[in-house]
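I began with the contacts, then turned to the pocket.

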Amino acid sequence: MPSKNASIVAVFPGSFDPLTNGHLDLISRASRLSSKLVVAILSNDSKLPLFSVQERMDMIRESASLPDLEIESFEGLLVDFATSKGASMIVRGIRAVSDYEYELQMAHMNRRLRPDVETVFLMSREENSFVSSKLVKEVARLGGDVSGLVPPLVLERLLLKLNLHAAPMALPKG
Ligand code: PNS
């Protein structure tokens, strides 16, 4: 019989440019499945990120206050990073069928590279099923309201980064 793994280190990788409420939900659910969760931010300038790795790390650290959460950046192969952290699980979220094909390819490739690292998919919550960092940036850039799709501090930093100003809070009259 295969041995059971009592203490599971899991890696939740992504670009997180920026963190969304969808990511945040997956982080808290994945942390319940593991003894330690490592959020792994891909450090890849060829994707032309809006936020630096440090800024993305800060936003995650300040938004997700969970015990046993580690936030790191990585370069190179994800499975090599996972192995270096002693992780046996990669967690990815699936929002819709359209995510599935790409995720399946990555999971197969990662398994081929490292059969001992298992990819586990978590279904996004319905309310986050249309939320992506890419759309959030696009809508915010064009002046649309993305509050409720990202944590408040991410919204603030996004508007600052895009040189937009947050709508002033309504003040009581008089
Ligand atoms: O949030 P994203 O951009 O969809 O995350 C993609 C990510 C970071 C998981 C993927 O690009 C990745 O794992 N990159 C590291 C390089 C690698 O291992 N490539 C082979 C994966 S099959």
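**Ligand contacts**

I started with Arg92: one of its polar side-chain atoms lies 3.0 Å from an oxygen atom of the ligand. I noted that this is a predicted model.

On its own, the ligand has 550 Å² of accessible area, and the protein covers 77% of that.

Then I looked up Lys47. An N or O atom in the Lys47 side chain is 2.8 Å from an oxygen atom of the ligand. For Leu78, I found a polar backbone atom 2.8 Å from a ligand oxygen.

**The shell**

I listed the residues that surround the ligand. Among them are Gly14, Ser15, Leu42, Phe74, Met106 and Asn110. I sorted the shell by type and got 6 nonpolar, 4 polar and 2 charged residues. Which helix gives the largest share of the shell? I found that helix H4, residues 97-113, supplies 3 residues, the largest share.

**The pocket**

Where does the ligand sit? I saw that its space is the largest pocket. I wrote down a volume of about 1,100 Å³ for this pocket.

I counted 41 lining residues; Gly14, Ser15, Lys47, Arg92 and Tyr102 lie nearest the pocket centre. H4 came up again: with 7 residues, H4 makes the largest share of the lining. Strand S1 (9-14), helix H1 (21-33), strand S4 (89-94) and helix H5 (133-141) are also on my list, each with at least two lining residues.

Technical notes: Residues are numbered from 1 along each chain as its sequence is written. This is a predicted model: local features need pLDDT of at least 70, side-chain atom pairs count only at pLDDT 80 or more; totals for chains, interfaces and linings use all residues. Side-chain values use heavy atoms; hydrogens and water are left out. A residue is near a molecule or strand if one of its heavy atoms lies within 4 Å of it. A polar contact is a pair of N or O atoms within 3.5 Å; within protein, one must be able to donate a hydrogen and the other to accept it, and residues adjacent in sequence count only if both atoms are side-chain atoms. Accessible areas come from the Shrake-Rupley method with a 1.4 Å probe; for residues, only the protein chains shown count as cover. On a 1 Å grid over the protein atoms alone, a cavity is a set of points where a 1.4 Å probe fits but cannot get out, and a pocket is an open set with protein on both sides within 12 Å along at least five of seven lines; lining residues have an atom within 4 Å of a point. A molecule sits in a cavity or pocket if more than half of its atoms lie within 2 Å of its grid points. Helices (H or I, at least four residues) and strands (E, at least two) are DSSP runs, numbered from the N terminus. Ala, Val, Leu, Ile, Met, Phe, Trp, Tyr, Cys and Pro count as nonpolar, Asp, Glu, Lys and Arg as charged, and the others, Gly among them, as polar. Grid points are joined across faces, edges and corners, and a volume is the space filled by probe spheres set on the points.
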